[in-house]
Amino acid sequence: MTAPLRRQREGAVLTLTLDRAEKRNALSQALIAELHAALAEVDDAIAVVVLRGAGKDFCAGADLEELLASADRTPEENEAEALRLGRLFLALGSCPAPVVAVVHGRALAGGCGLAAACDLVLARDDARFGYPEVLRGFVPAMVMAQLRRLVGPRAAYDLAATGRVIGADEARALGLVTRVLPADGFDAAADAAVAELAATSRSAQRFLKRLVHDLDGLDLEQGIALGARVNAAARATPDFRAALRQFLDR
């Protein structure tokens, strides 16, 4: 059986490609396990992790055959299975390197949640996003915590309650997408954006990612205090000294 995830390392960039094109890269339990394993292996040698989908789509969401079979299992078994996907979203956030979703085609349901859990989302201008679970008698429960934080409660409810699929420009306006890139030359433009990110200070990127996540739930005073601690820690890194000295010596 072919592995559902392809891993490719080029320099300091690790690309993880969902490789179930015949299933629109649906999130099977095997694929979720592979993603967990790949993210757990990210170390200081990796500057950026890129998440892509093979074939015509990024990811269509849960594997519907597995989902249907779950109707015969106990609530406890299904909760444990759902939490494996939820922990994947958390793993993307706790991965030390920034994770960039490069989205083409459709990113739906859990697939849209997968992209939204990444630090940056680069979308082709004809990409489509949505949470159509309600149209299949289901609830987008595992994606809701992240979605609500990104777009606010009203927009999150609108997307989830209607199941409507939106274009890349609307997804960017709502906060689901970072950048929309033209279909013509999309791969090259996405690669250039990733290379630009990978060329920056690795320690600074790690501090920044952790800071953005740790600020969630803090009040202003607590956030400023956390910022001061991160500021002080960043000044002690070799990257800080080298980059500042290079700038001053120009």
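Analyst: The sheet is an open one of three strands in the order 5-7-8, with mixed pairing; strands here are DSSP runs of E with at least two residues, numbered from the N terminus, and two of them pair if DSSP finds at least two bridges between them. Its edges are formed by strand 5 (106-108) and strand 8 (165-167), each of which pairs on one side only. On average, and with direction ignored, neighbouring strands of this sheet are turned by 20 degrees against each other, the axes being lines fitted to C-alpha atoms and angles running from 0 to 180 degrees between N-to-C directions. Strand 7, which covers residues 128-130, pairs with strand 8 in the antiparallel sense over three bridges, and G130 has V165 in strand 8 as its bridge partner.

The model is predicted, with local features needing pLDDT of at least 70 and side-chain atom pairs counting only at pLDDT 80 or more, while totals for chains, interfaces and linings use all residues. Residues are numbered from 1 along each chain as its sequence is written, and side-chain values use heavy atoms, with hydrogens and water left out.

Turning to the cysteines, the count of disulfides comes to zero, a disulfide being a pair of cysteine sulfur atoms within 2.5 Å. For C59, which is in no disulfide, the nearest cysteine sulfur is that of C112, 9.8 Å away; C59 is buried, with a relative accessible area of 0%, where buried means under 20% relative accessible area, exposed over 50% and partly exposed in between, for a 1.4 Å probe and protein chains only. C118 is likewise in no disulfide, the nearest cysteine sulfur being that of C95 at 9.5 Å, and C118 is buried with a relative accessible area of 8%.

Technical notes
Helices (H or I, at least four residues) and strands (E, at least two) are DSSP runs, numbered from the N terminus.
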